[in-house]
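Biologist: I have this one open on my screen and would like to talk it through with you. Can we look at some helix packing and then at the inside?

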Amino acid sequence: MSEALQRRTGLRPAAPTVRPAGPGVPRPAATGAPRGAAPAGGPGAPDHHEDRAHRRTTSTADARVMVAMTVVIVSLTVVQRLALPLGSPVPVTIPIVAAALGYLAYHGLLREDGASVRTYLLAMGTLSVFALVDIAWRGTGSLTSLLLLVVTWAALCFRVDERRRHLFPRVQQRFETFMLVFAVLGIVQMLAQFSGAWSYTDYIREIVPPDLVFQGYNTSYPIEYGSPVIKANAFVFVEPSVFSQFLALALLSTLSRGRQLWRVAVFGVALVCTVTGTGFMVLGFGLLVLAVRRGGLWAARAAVVLAVGVVAALLSPIGPILLSRTGEAGQSNSSGSLRFVQPYEYLLQRWSDDPWSLLTGLGPGMADRISDAIFARSGLPISFAGGAKMVLEYGLPASVLVGALLYVAVVRRSPAPAVALAAVFLNAVTSSSFLAANIFYVVLPMAVLFAGRTAAVPAPSPADRPGFGTAPSIPWTVVPTSPTGANR
């Protein structure tokens, strides 16, 4: 190319090498970097050693989070029935989860959430004041129960590092995989009993010392009065009803991800094998939330699939039993009435007789004492759900603040709102598990720890892209020119 043409166009042949910057500077090797790329080692050049180190650090951090979440999920499922004999039984889930969160904090992968911390302090402070008033003035309530609640709920204040929140779908899948194993086990339990190939045996009670197993739960419960067939509980769940609620949560998690939808069928069959209504209540609530969020077309398709599932369930050998339980809530002293009618009737009657209890409650731990007293007097196992228990023990104002804490810590900015709301519904309406960490803590991996805005995942470096380091197709470089044609 002529010198005049170079001056007019600003083009010149690309030099095969880069000249040294000055005396004593070694001559760098020839490079075929793309146009506009800084020379190797120059200002703005990518440092591939640092990039590889960053990728290794990211991979290690992701692995640590997944290990911790797996430990939490194991504590919620595999060892759900195990307790520490510390006067009153304490779920082994509490120290296991504390260790998992401590592990993440040690590696800088856990932080406190400011809004949750402030709401927690307000709710627990108000609740504690009312509880102490009851303990000092009424002489009712348990200080141990109060301390257990305050310690258990402190876990709601933490989040994983925002750069790790992209792992939430993997955590969902991990929870679903665990529940898939137990779903198959529950189905096998039921099929083996109906076929006569096996009679139910509680292997955990036979293997584990009694002091280390939770007592007082209906772990082995027949599908109907006098039947030798026991409801499916996959052996590791404290009750078939809790098993059914976890199955419903796993099913909703699968739907929220929109992947591996074949799992929905397995969870649905296992849900029928539990022969309990609470799991269906959690599922129905979650489906309603999903329908509102995803619109009419999704709701219509879900309704068709649900109708087919209901028909199949009613045609199964368990169908007549399920059908006979649909009106339980209206039947006096039925299981549904003892869970969802009589506790609220008692609560309203108590407020009428003692209006002060509406403000301060009756004191921590009183719901269980009242249930025990009613059972001793009438033989009826009345059961207060989590929400009713909270209002009964701590009063309405403190319970409203607890509800605000659940919204801020569990639901707000949840990566899967339908799953988060279903988990709250599970604990507040279908289960009395606000103090039972082995059940309540299901909100941690499925909502709390991953709530918030997710940071962008770092893009791959140029070294990871195809063609990096190849020579440019056009060997011309645009260079600035001075009015005289000389390089600046």
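Biologist: At what angle do helix H10 and helix H11 pack, and how far apart are their axes?

Modeller: Bear in mind that this is a predicted model. In it, H10, covering residues 278–294, packs against H11, covering residues 296–315, at an angle of about 150°, and their axes are 7 Å apart.

Biologist: Which residues of H10 and H11 make that contact?

Modeller: From H10 the contact takes Leu287, Leu290, Ala291 and Arg294, while H11 contributes Gly296, Trp298, Ala299 and Leu306. Sorted by class, that contact consists of six nonpolar residues, one polar and one charged.

Biologist: And is the crossing left-handed or right-handed?

Modeller: H10 passes H11 in a right-handed crossing.

Biologist: Switching to the inside, how many cavities of 30 Å³ or more turn up?

Modeller: Searching the whole structure gives one cavity of 30 Å³ or more, and the volume of the largest cavity is about 50 Å³.

Biologist: What lines the largest cavity?

Modeller: Its lining is formed by Leu149, Gly386, Lys389, Met390, Glu393, Tyr394, Phe434 and Leu435. Helix H17, residues 386–394, supplies the largest share of that lining, with five residues. In terms of class, the lining has five nonpolar residues, one polar and two charged.

Biologist: Stepping back, how many helices and strands are in the protein chain?

Modeller: The chain contains 21 helices and six strands, and of its 488 residues, 44% are buried. If you take the contacts between residues at least 6 apart in sequence, 76% of them join residues at least 24 apart.

Methods:
Residues are numbered from 1 along each chain as its sequence is written. This is a predicted model: local features need pLDDT of at least 70, side-chain atom pairs count only at pLDDT 80 or more; totals for chains, interfaces and linings use all residues. Side-chain values use heavy atoms; hydrogens and water are left out. Axes are lines fitted to C-alpha atoms, for helices over the stretch in contact, and angles run from 0 to 180 degrees between N-to-C directions. Helices (H or I, at least four residues) and strands (E, at least two) are DSSP runs, numbered from the N terminus. A crossing is left-handed if the near helix is turned anticlockwise from the far one by less than a right angle, and right-handed if clockwise. Contact means heavy atoms within 4.5 Å. Ala, Val, Leu, Ile, Met, Phe, Trp, Tyr, Cys and Pro count as nonpolar, Asp, Glu, Lys and Arg as charged, and the others, Gly among them, as polar. On a 1 Å grid over the protein atoms alone, a cavity is a set of points where a 1.4 Å probe fits but cannot get out, and a pocket is an open set with protein on both sides within 12 Å along at least five of seven lines; lining residues have an atom within 4 Å of a point. Grid points are joined across faces, edges and corners, and a volume is the space filled by probe spheres set on the points. Buried means under 20% relative accessible area, exposed over 50%, partly exposed in between (1.4 Å probe, protein chains only).
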